[in-house]
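Reader: Could you take me through one part of this model up close, the main nonpolar core and the strand beside it? Keep it chatty, but give me your cut-offs.

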Amino acid sequence: KLKKYFNKNLIKKKIGREMSPSEIGAAASHIKAYKFIVKNKIQRAVIFEDDAFPSIHFKNWIKNTSFNEPNAILSFFAYPSGYLNKNKIKKFDNNNINVYLSKTHIYSASSYLINMQTAKKILKVTKSKVINYPDWGFSTIKDKIKLYVTIPFLVVICDRGQSNLSKERNNILVNSNSFLIG
């Protein structure tokens with residue numbers, strides 16, 4: 001069933017191996033979310049995986065920020081495998097939350113803000129298929145999509161080796177052919 005959700009040849013070219021069904025499913029849930037965003041004309045969306053927990057500052061920050069950069073993703077947590085620019089982009093509130101632009105790729109698909117324009121661009125770049133893992137299936141330089149991150153992080157990741165939605169997910173998957181976000 002997963003074959004219609006990914007491009008096996010492109011994955012092998014990009015990461016040098018095949019992906020497991022759980023990797024494909026995790027990445028496909030984000031593609032499905034982008035399709036939902038575009039179809040429903042959602043201007044800005046926050047996507048959380050099931051192991052992402054918002055900080056006490058998250059609600060106020062997201063409510064009061066106007067971050068809506070074109071061709072950009074704003075992450076609330078990241079594994080800085082890339083480097084961040086030294087200068088903050090903007091201070092958005094009085095809680096000392098700053099936004100920094102990544103110089104290179106950062107692993108940050110666990111919790112982020114995306115707008116409809118960026119979702120459309122990612123669907124175009126990936127041809128609506130999973131083409132990479134662990135997170136972004138695009139090149140920040142070639143595809144001109146900027147990755148930003150809040151510092152301090154507004155989300156904590158804590159999976160404790162299991163999914164917080166596994167029971168609900170299993171019930172739904174038994175009764176449907178759909179993927180869940182997260």
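Author: Start with the contacts in the protein chain (heavy atoms within 4.5 Å): among those between residues at least 6 apart in sequence, 76% join residues at least 24 apart. Bear in mind that this is a predicted model, where local features need pLDDT of at least 70, side-chain atom pairs count only at pLDDT 80 or more, and totals for chains, interfaces and linings use all residues. Residues are numbered from 1 along each chain as its sequence is written, and side-chain values use heavy atoms, with hydrogens and water left out.

Now the core. A nonpolar core here is a set of buried Ala, Val, Leu, Ile, Met, Phe, Trp, Tyr and Cys residues joined through side-chain atoms within 4.5 Å, and buried means under 20% relative accessible area with a 1.4 Å probe, protein chains only. The largest one has 21 residues, and Tyr 34, Ile 37, Ile 73, Tyr 112, Ile 114 and Trp 136 have the most contacts inside it. Helix H2 (21–39), strands E1 (44–48), E6 (111–115) and E7 (146–151), and helix H4 (116–126) each give it two or more residues; these are DSSP runs numbered from the N terminus, at least four residues (H or I) for helices and at least two (E) for strands.

Zoom in on Tyr 34: leaving aside residues up to four places away in sequence, Tyr 34 touches Ile 47, Tyr 112, Ile 114, Ala 119, Ile 122, Leu 123 and Trp 136.

Ile 47 takes us to E1, where Ala 45 and Ile 47 form the covered face, while Arg 44, Val 46 and Phe 48 form the uncovered one. E1 runs antiparallel to E6, joined by 5 bridges, and Phe 48 has Ser 111 as its bridge partner in E6.

Note on methods. Buried < 20%, exposed > 50% of the residue type's maximum accessible area, 1.4 Å probe, protein only. Pairing = 2+ DSSP bridges.
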